[in-house]
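These are my notebook entries on a structure that I had not examined before. I set down what I looked up, entry by entry.

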Amino acid sequence: MKHYLKKLEETVRERWNHKALCDYEGDTFTYADLATNVEQFRLFLKDAGIAKRNKIAICARNSARWAIAFWDINVNGCVAVPLLADFHPNSVSTLTKHSDSVLLFTDEDIWKKLYPEQMPALKAAINVKDGRMLWNRDEKVAKAWKNREKAFSLRYPNGMSPEQVTYPTNNLDKLAIINYTSGTTGNPKGVMLTYGAISDTDEFANSHFPNHPGETIVSMLPMAHMYGLAIEFIHPNIDGVTVYFLGKTPSPTTLLKAMKDVKPYMVVTVPLVMEKVYANSIKPVLEKMQKYTSIPFAQKLLYRVIRSKILSAFGGRVRCFIMGGAPLKPEVEQCFCKMRLPFTVGYGMTEACPLLGWEWWTDFVPGSCGKPVHEIRIDSTDPKNVAGEIQARGSNITVGYYKNQEANAVAFTDDGWFRTGDLGTMDEEGNIFIRGRIKSMILNSSGQNIYPEELEAVLSGCPYVMESIAVDRQGKIVALVYADIPEDLDEESRKGIPELIRTTANKSLPSYSKINKVELMDTPFEKTPKMSIKRYLYK
């Protein structure tokens, strides 16, 4: 297995003056710029007295400078801790503290909402947008940061050359990333991933959907999640692909304009995005031309024309649309298959860095989520027909959760297989079919994981709420609430209870998981003998 940092080193040397990282319609950085930043950061760490294996958090929206900050941390042997920019400020502080991060890359708006005293290990906060130090607790660190460019000039009076670039490769078993799968409320779960896990993911990606130097890709998924970080950024960038960042979630118009301008070789997204493409652009055409779809030749021609227009809308160079995180609606999947759109639906999770199932689009079986990336077994007496927990094993799997022995105790089976918490079956050819979720996670349109239990914990503290469940209805989060309403409450106040609960809860929730609607239930929720709510009755 080739270390991904060795590949980055080779690419930096070979593509020194080529574009590496760009903000769409904004700043551009070459591989030479990247190498210079990484070396300046190494000198800073040395002068600041910050040793390898220290944790450094990044909490900001996607950008080329976010990516440079990640490489600064990752190449120089520190542990990157990506945090969602949409996390509630209390969560950012909690996770920065929990991870023992000594530095925080963020932006001015986020920093204004944080309190340094809640992060005792933190030595300084740095503005990822312009490199300004926003705050420091340690003068040695502040001085080293201020002098990093001068230190670089003294070390390289004629500038750095490609031949001087060397990156470490003797650390495959060392911790590279702590990626938090939750943390808006309750106990955080920091997934620990090694350099070996990232190398393994890149090796698999290259053998199944290789890219080529000089190609381009649009990064629109949050890089604080492994899906976006590994597949849209690390894997392409180390192979010489120029990565363009959109920043915040774009409007459909902005997204398609970026696709046409950038002309990506691959589109990495979540099913909901492609379902919207189908609903807004494909289905109306099919309905309008319905009288022709019964004629085989006309139907084939119609699908060919639609396929051509979709590929053109995404720049004309897309070899595959890769979707993950949730199943694709059968109606949409059937249509895409008929038009031979190059798409595939994979299966993954943070703990697998992130790949568990995958198949190239020409061999993809509709309804499945690919074949095992490494070893997968179904904990069932009849894995082909009776759903059981999907369990995985491989060098891409997490080594555990950071400072969370309770979670570690139940994460693996006695014989070393990772418990995914998902239910599935697997056919004779090895195609994986997810049949349900032990976990009740909701995936929103931006690819962010939302855990209903966390929303429900917030709802439990709202006025009148006795019990609640959060559900996903057509991409909207709806809270079903059984309330304790005083009998003497006037009618006007009663009518305002759902909105009161919603607004109260949303004050404590990040933007990506805010509740859209509250519905009051007339009776308590039906429960199992263990007094757990039967969630499946309320979808």
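**Entry 1. The nonpolar cores.** I began with the largest nonpolar core, which has 100 residues. The residues with the most contacts inside this core are L21, F44, F70, W71, F105 and F233. I then looked up which helix gives the most to this core, and found α2 (residues 31-48), with 10 residues. Another core lies apart from the largest one; this other core has 44 residues, including L95, A125, L134 and L459. I note for the record that the model is a predicted one. As a general remark, nonpolar side chains tend to be buried together in soluble globular proteins.

**Entry 2. F105 and V128.** Beyond its neighbours within four places in sequence, F105 is in contact with F41, I56, A57, I58, C59, A69, I73, I126, V128 and W145. Is V128 buried or exposed? Its relative accessible area is 8%, and a residue is buried under 20%, so V128 counts as buried. In sequence V128 and F105 are 23 residues apart, while their C-alpha atoms are 5.4 Å apart in space. When residues up to four places away in sequence are not counted, V128 touches A60, R65, W66, A69, F105 and T106.

**Entry 3. The strands around β6.** I next examined β6 itself. A124 and I126 point one way from β6, A125 and N127 point the other way, and all of them are buried. Strand β5 (residues 101-106) runs parallel to β6 and is joined to it by 4 bridges. Within this pairing, L103 stands opposite A124. β6 and β7 run antiparallel and are joined by 3 bridges; here A125 has W135 in β7 as its bridge partner. I recorded β6 and β7 as a hairpin with 5 residues between them. In the turn of this hairpin, G131 has a positive phi of about 80 degrees.

**Entry 4. A sheet with mixed pairing.** I looked up an open sheet of 4 strands, whose order is β2-β1-β11-β10 and whose pairing is mixed. Its edge strands, each pairing on one side only, are β2 (28-30) and β10 (216-219). Neighbouring strands of this sheet are turned by 15 degrees against each other on average, direction ignored. Strand β1 (residues 19-23) pairs with β2 in the antiparallel sense over 3 bridges, and K19 has T30 in β2 as its bridge partner. Helix α3 (residues 64-75) lies across β1, β2 and β11 (242-245), and runs at about 130 degrees to β1.

**Entry 5. A sheet with parallel pairing.** I turned to an open sheet of 3 strands, in the order β12-β13-β14, with parallel pairing. β12 (266-269) and β14 (343-345) are its edge strands. β12 and strand β13 (residues 320-323) pair over 4 bridges in the parallel sense; the bridge partner of V268 in β13 is I322. Helix α9 (residues 226-237) packs on this sheet and touches β12 and β13, its direction making about 175 degrees with that of β12.

**Entry 6. Helix α10.** Which residues of α10 (residues 252-262) are buried? I listed L255, A258, M259 and V262. Because these residues cover an arc of only 100 degrees around the axis, they lie on the same side of α10. I then looked up what covers the buried residues of α10, and the cover includes β10, β11, β12 and α12 (296-313). K263 follows α10 and has a positive phi, near 60 degrees.

**Entry 7. S380.** Which backbone atoms does the side chain of S380 reach? A polar atom of this side chain lies 3.1 Å from the backbone nitrogen of D382, and the side chain also reaches the backbone oxygen of V386 at 2.7 Å. Leaving aside neighbours within four places in sequence, I found S380 in contact with V386, A387 and G388.

How values were computed: Residues are numbered from 1 along each chain as its sequence is written. This is a predicted model: local features need pLDDT of at least 70, side-chain atom pairs count only at pLDDT 80 or more; totals for chains, interfaces and linings use all residues. Side-chain values use heavy atoms; hydrogens and water are left out. Two strands pair if DSSP finds at least two bridges between them. Helices (H or I, at least four residues) and strands (E, at least two) are DSSP runs, numbered from the N terminus. Contact means heavy atoms within 4.5 Å. Axes are lines fitted to C-alpha atoms, for helices over the stretch in contact, and angles run from 0 to 180 degrees between N-to-C directions. A nonpolar core is a set of buried Ala, Val, Leu, Ile, Met, Phe, Trp, Tyr and Cys residues joined through side-chain atoms within 4.5 Å. Buried means under 20% relative accessible area, exposed over 50%, partly exposed in between (1.4 Å probe, protein chains only). A polar contact is a pair of N or O atoms within 3.5 Å; within protein, one must be able to donate a hydrogen and the other to accept it, and residues adjacent in sequence count only if both atoms are side-chain atoms. The arc is that of the directions from the helix axis to the C-beta atoms.
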